[in-house]
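Please open the model in your viewer and keep the selection panel at hand.

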Amino acid sequence: MIKPPPLRNDCFALPAGTHWTPVDEALASLRSRLSPVTAAEVLPLDRALGRVLAADVTALRSNPPLPNTAVDGYGFAGPIAEGPQILPLIQGRAAAGIPFDGIVPAGSALRMLTGAPLPQGVDTVILEEDVNCDGSQIAFHGPLKRGANARRAGEDVSALDVVFAKGRVVTPADLALAAATGLSQLQVRQQLRVGVLSTGDELVEVGQEAGHGQIYDANRPMLLALLGQMGFSAVDLGQVGDNRDALEARLDSAAADVDVIVTSGGASAGDEDHVSALLTEKGAIQHWRIALKPGRPLALGMWQGTPIFGLPGNPVAALICTLIFARPALGVMAGAGWAEPQGFEVPAGFEKRKKPGRREYLRARIRQGRVETFASEGSGRISGLSWAEGLVELGDGAAEIAQGDLVRYYPYGSFIL
Ligand code: AMP
Ligand code: MG
C-alpha cells in the first residue's frame, strides 16, 4: 500500500546538502560574466533621451562662452569702494544676443540686461533694484567686489572638458548641457533588444475568453512595460504552452531577433517546467537556486549565443527577479554598467520575524514617514505588487523587526535605469 513519506524534521528548512546561492554571490557572478553587446550609433540630441552613451563626451564650447551679466542692471569696472557712489552713464545698452561693441571708460557705467556679454571695460555689475537712475547718471551704495553679478567665461564648463562619461544614460538635463556646450549629436548605443516570452498551458492572451482552468497572462504586459521603462527595447515574443517543440522553435526564432530573452514560468524542475528542461537537455543552463524570497527558481542559460533569463511564473517573483537580477545584468549588456539601486533607511511601520538563510523582499510603500508592507506575502498576490510603491529588503540573516526599527526601502523608481 502506498503511503505518504514521513515528515522530516527539517521540512521547513532550506533543503539540506544543496547549496543556496546568496543573492550577493549570485549578483557578483552575473556581473563578472557579462559585457556590453550593443553597437554604437550617432543620434541627434532630440532622439538621444534615455540612450546609453557609447563614449566619453567632450564639450565643444565653454558654458558660458563669454563673460556676461547675471542680472539686469548697470556694468562698470570694479571694485567699488564703500560709501555713496555716482557714475555717469554712457550711451547705449548691452543685452543678451546684442552685445555692446564699444569700450566703457573707467569711472562710467553702461545699462546691461541679463545674459549680455560684458563689454570691454566692464567686469562688475550692480543690480538695477539697488540703483537710482536719472537717465544720465546712476547713484548707489558701495562697496562692490570686482566681478560681482558677473559670470566668468567657462565658469560652468570649459571647452574640451569631459561633460559625460561613457555608459551614462542620457537625461533631459543632459540634453541641456549637450546643447549649451555646442553638441548637436551624441554617440550612443543601440537599445538592448529584450524579448519577453510567457510559458504555460494555463495562459490566455489578454482580450480573449478565459476557459475553465485558464488564467490571463499577467507577466507579459508587466515585463514588457517594465523593460521599456528601463530603457530597453522590449520585444513581445508572445506565449507558448508547456510543449518542448513549440518552445524550442520559439527560442530559435527569438535568438535570431533579440539580444536577450526573458521567459516566465517553467523555470523550476517540475514535469511541466519546459524552459528548464529544454535548456538542460541542450546543455545550456545554469540553475540558480538563489536564497531569495520571493524568487526562486531562476534559470539562466544561453540559447544559440543569446542569453536567457528564465524567471519564475509567479508574477510577484517574476517582478522581483527582474528588478534584482535581470535589471543590473541587462544594464551591463546595454553598456550602462552595473547599477546598484539606491535604497534608504526608513522606520518600519510593521513587525516581522525572519529566519536566517535567505534574503527577502517585501512589497512596501511609505506613509507618514514609515514603511508599511502588504498584508500578504503570497507570491501570487498581484494586487500587492500594484499596491506597493517599492520593496523592503531584509538581509540574509535572521531578523526581528519591531515598529520603528530602521529597514532598507527601495522605491520602484530606483530600479529604473
Ligand atoms: P511556473 O513557474 O510555471 O511553475 O508557474 C508558477 C505560477 O505562476 C503558476 O501558478 C502559474 O500559473 C503562474 N504563472 C505562470 N506564468 C504566468 C503568467 N504569465 N501570468 C500569470 N501567472 C503566471
Ligand atoms: Mg508553468
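A residue is called buried when its relative accessible area is under 20%, and exposed when that value is over 50%. The model on display is a predicted one.

**Stop 1: E360.** Select E360, in strand β24, which spans residues 359-367. Is E360 buried or exposed? Its relative accessible area is 6%, and the cut-off for a buried residue is under 20%, so E360 counts as buried. Now display the side chain of K352: a polar contact of 3.4 Å joins it to the side chain of E360. Leaving aside residues up to four places away in sequence, E360 touches K293, K352, K354, E377, V392, E393 and L394.

**Stop 2: a cis bond at K293.** One of the residues that E360 touches is K293. Select K293 together with P294: the peptide bond from K293 to P294 is cis, and its omega is near -10°. P294 belongs to the loop between β19 (292-293) and β20 (298-303).

**Stop 3: Q304.** Proceed to the loop between β20 and β21, where Q304 is found. Although Q304 is not a glycine, its phi is positive, about 50°. Q304 is exposed, with a relative accessible area of 55%.

**Stop 4: helix α3.** Select residues 219-229, which form helix α3, and colour its buried residues: N219, R220, L223, L224, L226 and L227. Why do these residues lie on the same side of α3? They cover an arc of only 170° around the axis, which places them on that one side. In general, an α-helix has 3.6 residues a turn, so residues three or four places apart point the same way. After α3 comes G231, with a positive phi near 95°.

**Stop 5: G331 in helix α6.** Within helix α6, select G331. Its relative accessible area is 0%, and G331 is therefore buried.

**Stop 6: helix α1.** Select residues 23-33 for helix α1, in which V23, A26, L27, S29 and L30 are buried. These residues lie on the same side of α1, because they cover an arc of only 160° around the axis.

**Stop 7: ligand 1.** Select ligand 1 and show its surroundings, which comprise 14 residues; the closest are E202, D217, A218, G266 and G313. Which polar atoms can be displayed here?

- In the side chain of E202, an N or O atom is 2.5 Å from an oxygen atom of ligand 1.
- At A218, a backbone N or O atom lies 3.0 Å from a nitrogen atom of the ligand.
- At G266, a polar backbone atom is 2.8 Å from an oxygen atom of the ligand.

Taken alone, ligand 1 exposes 480 Å², and the protein buries 74% of that area.

**Stop 8: two further backbone features.** Select G142 and P143, whose connecting peptide bond is cis, with omega near 5°. P143 lies in strand β9, residues 137-144. Then select L160, in the loop between β10 (150-151) and β11 (162-164). L160 is not a glycine, yet its phi is positive, near 80°. With a relative accessibility of 69%, L160 counts as exposed.

**Stop 9: the domains.** Finally, colour the protein by domain: domain 1 (23-38 + 191-333), domain 2 (40-63 + 156-189), domain 3 (68-151) and domain 4 (344-412). The C-alpha centres of domain 3 and domain 4 are 59 Å apart.

Definitions and conventions
Residues are numbered from 1 along each chain as its sequence is written. Chains are lettered from A and ligands numbered from 1 in the order in which they are written. This is a predicted model: local features need pLDDT of at least 70, side-chain atom pairs count only at pLDDT 80 or more; totals for chains, interfaces and linings use all residues. Side-chain values use heavy atoms; hydrogens and water are left out. Buried means under 20% relative accessible area, exposed over 50%, partly exposed in between (1.4 Å probe, protein chains only). Helices (H or I, at least four residues) and strands (E, at least two) are DSSP runs, numbered from the N terminus. The arc is that of the directions from the helix axis to the C-beta atoms. A residue is near a molecule or strand if one of its heavy atoms lies within 4 Å of it. A polar contact is a pair of N or O atoms within 3.5 Å; within protein, one must be able to donate a hydrogen and the other to accept it, and residues adjacent in sequence count only if both atoms are side-chain atoms. Accessible areas come from the Shrake-Rupley method with a 1.4 Å probe; for residues, only the protein chains shown count as cover. Domain bounds come from an automatic or database domain assignment. Contact means heavy atoms within 4.5 Å.
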